[in-house]
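Hi there,

Here is the structure I promised to pass along.

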Amino acid sequence: MDGPEQVRARLEDTGYLVDDGLAIACFLALRLGRPLFCEGDAGVGKTALASALAEALDAPLIRLQCHEGIDASQALYDWDFPRQLLRLRAAEAVGVTDADRLEGELYDRRFLLARPLLRALETQPSVLLIDEIDRADDEFEAFLLELLSEFSVTIPELGTLRAETPPVVVLTSNRTREVHDALKRRCLYHWFDHPGFARELAIVRRRLPGVSARLAEQVTALVQELRGHDLLKPPGVAETIDWAEALDALGADEVDAELATATLGSVLKYREDAQRGRELDFAAVLAVRGA
Ligand SMILES: Nc1ncnc2c1ncn2[C@@H]1O[C@H](COP(=O)(O)OP(=O)(O)OP(=O)(O)O)[C@@H](O)[C@H]1O
Ligand SMILES: [Mg+2]
């Protein structure tokens with residue numbers, strides 16, 4: 001792609017709306033072949049960016065979901081022991097006893113299970129999403145660092161596999177812990193803020209074209225207001241979309257304070273936050289929007 005404007009246009013075609021900063025970050029990640037490290041609160045569009053990039057580039061999205069205790073056998077590759085065992089039995093049944101030959105046959109690419117990281121090295125082009133890296137531990141981060149600098153992997157039984165064209169890499173973090181500087185240094189960094197009113201409304205309209213314009217506007221205004229109230233879990237764009245969808249499912253094409261309070265469960269997911277939400281003067285917020 002020629003420049004940030006073209007990246008923005010392509011992403012918008014997929015339904016993903018970016019601001020200038022993110023368009024530039026994506027362009028540079030593509031142009032310089034650097035991983036893009038996306039950090040921000042829940043529900044602000046980090047994961048969705050990777051899917052949108054894949055669609056825009058017409059490349060498959062390969063996703064590695066990180067979790068506590070994730071290791072190379074879940075992320076990179078593993079040997080398919082049951083199939084190897086079957087092969088061994090079959091060989092024994094026909095009287096093959098040459099140990100070297102057997103070993104060579106058993107550690108063949110056919111018996112290798114490619115996990116997301118290996119799949120991404122073997123699939124060109126591809127977009128590799130390493131989702132929620134902050135959930136993995138330090139050891140896994142160090143392992144990733146190595147992989148992201150070389151884009152190659154050495155499998156002792158098979159040798160070294162190297163990606164000719166490295167995948168486009170998107171890493172995301174909810175910042176439940178700080179990711180090490182060494183990993184960040186490899187990457188371009190983008191912090192995802194909650195969008196402002198106009199952009200959030202545009203996102204809701206884009207995602208839910210069937211919902212009334214007025215309802216979309218009211219819900220966006222209410223969520224923007226909620227975010228200013230020091231909640232345990234401020235609602236993300238995901239919740240704005242959910243709330244508008246829920247109200248639409250109830251047949252509403254606009255919302256008043258009473259209905260907003262009755263449907264708060266779509267948007268606030270902690271008891272304390274729900275309590276706080278019920279105390280807010282939704283009528284006043286809606287009045288500003290001409291309700
Ligand atoms: N800029 C955007 N354009 C279009 N849709 C968006 C945008 N930002 C967020 N969304 C929508 O908001 C929803 C939530 O986004 P997503 O799941 O990517 O958030 P996230 O940051 O990965 O959250 P989490 O940290 O909880 O995983 C998705 O349905 C996505 O389509
Ligand atoms: Mg996500």
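Predicted model: local features only at pLDDT ≥ 70, side-chain atom pairs only at ≥ 80, totals over all residues.

Now for the ligand. Ligand 1 has 19 residues around it, and those that come nearest are Leu17, Gly43, Thr47, Ala48 and Asn174. Some polar pairs may interest you:

- The backbone of Leu17 places a polar atom 2.7 Å from a nitrogen atom of ligand 1.
- The side chain of Lys46 has an N or O atom 2.8 Å from an oxygen atom of the ligand.
- Asn174 has a polar side-chain atom 2.7 Å from an oxygen atom of ligand 1.

On its own, ligand 1 has 630 Å² of accessible area, and the protein covers 81% of that.

Inside the protein, the largest nonpolar core holds 32 residues; Leu64, Leu117, Ile130, Ile133, Phe140 and Leu171 touch the most other members. Elements that give two or more residues to this core include strand 2 (61-65), helix 7 (116-122), strand 5 (127-131) and helix 8 (138-150). Beyond its neighbours within four places in sequence, Ile130 is in contact with residues including Leu64, Leu117, Leu144 and Leu171. There is also a second, separate core of 29 residues, with Leu201, Leu215, Ile241 and Trp243 among them.

Best wishes

Conventions: Residues numbered from 1 in each chain as written. Chains lettered and ligands numbered in written order. Heavy atoms only, no water. Core = buried A, V, L, I, M, F, W, Y, C linked by side-chain atoms within 4.5 Å. Buried < 20%, exposed > 50% of the residue type's maximum accessible area, 1.4 Å probe, protein only. Helix = DSSP H or I, 4+ residues; strand = E, 2+ residues; numbered from the N terminus. Contact = heavy atoms within 4.5 Å. Near = heavy atom within 4 Å. Polar contact = N/O pair within 3.5 Å; in protein donor to acceptor, adjacent residues only side chain to side chain. Areas by Shrake-Rupley, 256 points an atom, 1.4 Å probe, with all protein chains shown as cover.
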